[in-house]
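Trainee: Can you walk me through this one? I'd like to go piece by piece.

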Amino acid sequence: MRQPSVSARRVAAASVTLVVAAGVAACGPKDTGAKAAGGDSQPHKDGTLSVLNAQPQQDFDPARLYTSGGGNVPSLVFRTLTTRNRENGSAGAKVVPDLATDTGRPSKDATVWTYTLKKGLTYEDGTPITSADIKYGIERSFAPELSGGAPYLRDWLVGAADYQGPYKDKKGLDAIETPDSRTIVFHLNKPEGEFPYLATQTQFTPVPKSKDTGTKYEEHPISSGPYKVVKNENDGEHLVLERNPHWSAATDSERKAYPDTIDVRSGLDSSVINQRLSASQGADAAAVTTDTNLGPAELAKVTGDKDLAARVGTGHFGYTNYIAFNPTVKPFDNVKVRQAISYAIDRSSVVNAAGGSALAEPATTFLPDQKSFGYTPYDLFPAGRAGDPAKARELLKQAGYGKGLTVTLTHSNSKDFETSPEIATAIQDALKKAGITVKLQGLEDNDYSDKIHTVKTEPGFFLAHWGADWPSGGPFLAPIFDGRQIVEDGANFNTGLLNDKSVNNEIDAINKLTDLDAAAERWGALDKKIGEQALTVPLFHPVYKRLYGKDVKNIVISDWTGVLDISQVAVK
Amino acid sequence: MSQALAASPAAGTDTPVPAASGARQFWRRLRTQRAALVAAAVVALLVLVALAAPLLTALEGQDPTTYHPSLVDSARGGVPIGSLGGASADHWLGVEPQTGRDLFARLVYGARVSLGVALAATVIQVAIGVAVGVGSALGNRWVDQLLSRATDIIVALPLMVMSLALLAIVPSSFPRPVLVTLVIGLIAWGNIAKIVRAQTLALKDLDYVSAARLSGWGVLRIARRELLPGLAAPVITYAALLVPTNISAEAALSFLGVGVKPPTPSWGQMLTAADVWYQAAPQYLLLPAGALFVTVLALTVLGDGVRTALDPRAASRLRIGTGRKNEGADSATDKPVHGHKDTGPNSDDRGATA
């Protein structure tokens, strides 16, 4: 919640590098995606699936992983209390039971959550999985040496704020009860209707205490899923997963596990990944990538190639790129100035800078345009496709800047096509038409991140983005707009420094809801209400386009992750 | 270049170098090298284009920063619509992928940065190099040791690494073209200082310099009136070859993302943005690459020609269109001041031990 999930950030980082390539690619018919591929022949169990990645899987300890919905490769080895459903598109944004028999039974005010484990669950060595192992797995994620996961557990569990993990504190967390070997109860310090979403994260993986080797556990984590780790070389650069004979499809309706072996190679240049996937020769015919997108030049290159175009998967991940204002900095304290900039934005040139309409969709809402987030369409400051400079000038005049205005836009110098100079210059050009002179301040990545997330140094006008930890409005709106989450010393994500009582109260009220559909609707309405303050200018939602090999079948790309789900693919 | 030589008669009638005839000789020799003349014409044209950038783009009716989203195919990653990268009567060389900015305008404005930075950096390098070289040759042992070791250190510094480090720590509010100029100018003066020192050491023991010293002239006056004219040949030659090196350095720094900042175009920056497009929109990469190639080639050929004309005996082995058959006759009439071997940019400081 404190930052875009690691998977999201990795995706972003990967999409950077891939643009540096060109040699390759695929495209053509716009949305081939899921349906086009599976095709005629049925998927069969057999063969080896190759995964070609840029980023090595350096963390493979369930305590340290920061994933959305349990991750892609990790989810093959780690089962969790609940998991994401593996369906195409918007149908694939639901939380479903995994080790548990249901998605959790809340107390009346959603502060106590009870789960019951399915019968007959075992680890890769045949020993039974117990609720105590899940409690232990969560507890060890509090150990400082195993940090890295999302901060929710520490925030939500009663008495967990200063807990240092089971190595230092043998007594464990009282907030988690295990009355018997199949039951586990969580006590939260406030109502959290979205607890089932949290239970998809790898911290909810059972870890047998007797097999725990601390920081070395990631070299051979004990599998509860369809595959076990047989090789982990160079700190996650090369992983080999083979079937876990003790996993049973009877207890797991989500993971298909068609291939016998999964071979993950990483540390590859993204251009190389896309070259190999497009050539699709030898073992690469059965290859996919879980972190490398096609870049604009690659898309352009292969427009005409039907064969390649048929092998491009298209996905949407809950993610928004936007302009952020700091209303304590002049002239952005004036809502009319913020509105003027909202009107002046030329989203078509911003979308082009981000890679064109195939890789980015114009955004007018802060929430991603997906149902599970409670997406409620609104366009409060309609700029059309090319901006409305006349309206912007009018507002500037009312604000007392009739003679023009000079502002500084802070951006990063990364090459991610998100907060990078390409996007900044597109905005600069659009605002020029409205009489706003934009000076660009490009900062190195770390410097940029520090500056925008520190209240004292936060610039007035900068590029930002936010990704979802799970497909709901909660982790999207609360960290950015909940006034109680303003962090004076440390990483602050409420960059608009909004502390509005009615907003805070509504967030609390929605968190009490355990009907996730009803909650989604309220998040959507809240998004629109916050949008009226013009604290951000939503720019675009990214679209992921990824190649896969010729022999890869049964492509499933859910809106939860936006990327091909390797628990579903078959290579025979 | 002719100015420096032509200036020497005014510098003192007692100089032993008959500079006027030297200049004439220089032109005569340069004229015989067709390649150098063509190169000179190309360089002149490039400078003209850079100076007239606003005029040329006005003629075209474009500017280098305005976006034209309608001219690129958004669904195909933003590739320019139309053949030849969207080249048309409105956009002579097509438009940039993703943005639709006019490539002709960006190219000619880019020439300003590339040439401007390179020339200004060369001036800085020559100024520092000559000052340090002459100071070191004429100073006492301590001064010489100090300046020579400083030069050694500067020569040993890897330009790219140092530039990257310097550019990274300077606040982004500092004007970038000036900063890039300063960084290149202040880091890469070592070789020219060494050449000047060697040449000065050789010159200062010649009779006419001794005569000047015996007649009671101060060091500064001797340096200015007696030594500098003699240094003109190697310095001009080396400077002519420094310009293309500096152009490449600017391009490399911009390519690495620490050069001039967007939206200011420079050739190096265009290359960075274009490298992924080499298949989908080849002209986007070929235009700045071709411009860089032509510029560096022209300046190098011209530099080589200047060297040959100033000092045929020290001419490089390249001999691009140097009209070798005239060489014997030319060198026979050479004045002693041109006769030193250590005048090329590739010479080491052999003179230092003299």
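**A sheet to start with**

Mentor: Chain A of this predicted model has an open sheet of 4 strands, paired antiparallel in the order 4-5-7-6.

Trainee: Which strands stand at the edges of it?

Mentor: Strand 4 (105–106) and strand 6 (176–180) of chain A. Each has a single partner strand, so one side of each has no neighbour in the sheet.

Trainee: How many bridges join strand 6 of chain A to strand 7?

Mentor: There are 3 bridges between strand 6 and strand 7 (residues 183–187) of chain A, and the two run antiparallel. One pairing puts A:Asp180 with A:Thr183 of strand 7.

Trainee: What holds paired strands together in general?

Mentor: Backbone hydrogen bonds, whether the strands are parallel or antiparallel.

Trainee: Next, strands 8 and 9 of chain A. In which sense do they pair, parallel or antiparallel?

Mentor: Antiparallel, over 6 bridges, with strand 8 at residues 227–233 and strand 9 at residues 238–243 of chain A. A:Lys228 has A:Glu242 in strand 9 as its bridge partner.

Trainee: How many residues sit between the strands of that hairpin?

Mentor: 4 residues lie between strand 8 and strand 9 of chain A, and in this hairpin A:Asn234 takes a positive phi near 50°.

Trainee: Moving on to strand 13 of chain A. How many of its residues are buried?

Mentor: 7 of its 7 residues, over 319–325 of chain A. A:Tyr319, A:Asn321, A:Ile323 and A:Phe325 point one way, while A:Thr320, A:Tyr322 and A:Ala324 point the other way. Both sets are buried.

Trainee: What does strand 13 pair with?

Mentor: Strand 13 of chain A pairs with strand 17 of chain A, antiparallel over 7 bridges. Strand 13 also pairs with strand 18 (residues 536–547) of chain A, antiparallel over 4 bridges.

Trainee: And which residues are opposite A:Tyr322?

Mentor: In strand 17 of chain A, A:Ala464 stands opposite A:Tyr322. In strand 18 of chain A, the bridge partner of A:Tyr322 is A:Pro538.

Trainee: Where is A:Pro331, then?

Mentor: A:Pro331 is in the loop between strand 13 and helix 10 of chain A. The peptide bond that joins A:Lys330 and A:Pro331 is cis, with omega about 0°.

Trainee: Helices now. How far does helix 13 of chain A reach?

Mentor: Helix 13 (residues 421–432) of chain A has 12 residues and reaches 16 Å from first C-alpha to last, close to the 16 Å expected at 1.5 Å a residue.

Trainee: Is helix 13 mostly covered or mostly uncovered?

Mentor: Mostly covered, as 11 of its 12 residues are buried. Among the buried residues of helix 13 of chain A are A:Glu422, A:Gln428 and A:Asp429, along with A:Ile423, A:Ile427 and A:Leu431.

Trainee: What covers them?

Mentor: The cover includes helix 10 (335–344), helix 11 (347–353), strand 15 (405–412), strand 16 (436–443) and strand 17 (461–467) of chain A.

Trainee: What is the phi of A:Ala534?

Mentor: A:Ala534 has a positive phi of about 50°, although it is not a glycine. A:Ala534 lies in the loop between helix 17 (516–531) and strand 18 of chain A. A:Ala534 has 22 other C-beta atoms within 10 Å, so it counts as buried.

Trainee: And in chain B, what is the phi of B:Gln98?

Mentor: Phi of B:Gln98 is near 75°, again positive in a residue other than glycine. B:Gln98 is in the loop between strand 2 (79–80) and helix 5 (103–138) of chain B. B:Gln98 is buried, with 31 other C-beta atoms within 10 Å.

Trainee: What else is in chain B?

Mentor: Chain B has 14 helices and 2 strands. Of its 354 residues, 51% count as buried.

Trainee: How many residues of chain B are in contact with chain A?

Mentor: 23 residues of chain B are in contact with 32 residues of chain A. The chain B side divides into 11 nonpolar, 10 polar and 2 charged residues.

Trainee: Last topic, confidence. What does chain A average for pLDDT?

Mentor: Chain A averages a pLDDT of 89, and 93% of the residues score at least 70. Over residues 1–39 of chain A, though, the pLDDT is below 50. Where pLDDT is low, the predicted coordinates should not be read in detail.

Methods:
Residues numbered from 1 in each chain as written. Chains lettered and ligands numbered in written order. Predicted model: local features only at pLDDT ≥ 70, side-chain atom pairs only at ≥ 80, totals over all residues. Contact = placed C-beta atoms within 7 Å. Nonpolar A, V, L, I, M, F, W, Y, C, P; charged D, E, K, R; others polar. pLDDT = per-residue confidence, 0-100. Pairing = 2+ DSSP bridges. Expected span 1.5 Å × (residues − 1). Buried ≥ 20, exposed ≤ 12 C-beta atoms within 10 Å, placed from the backbone.
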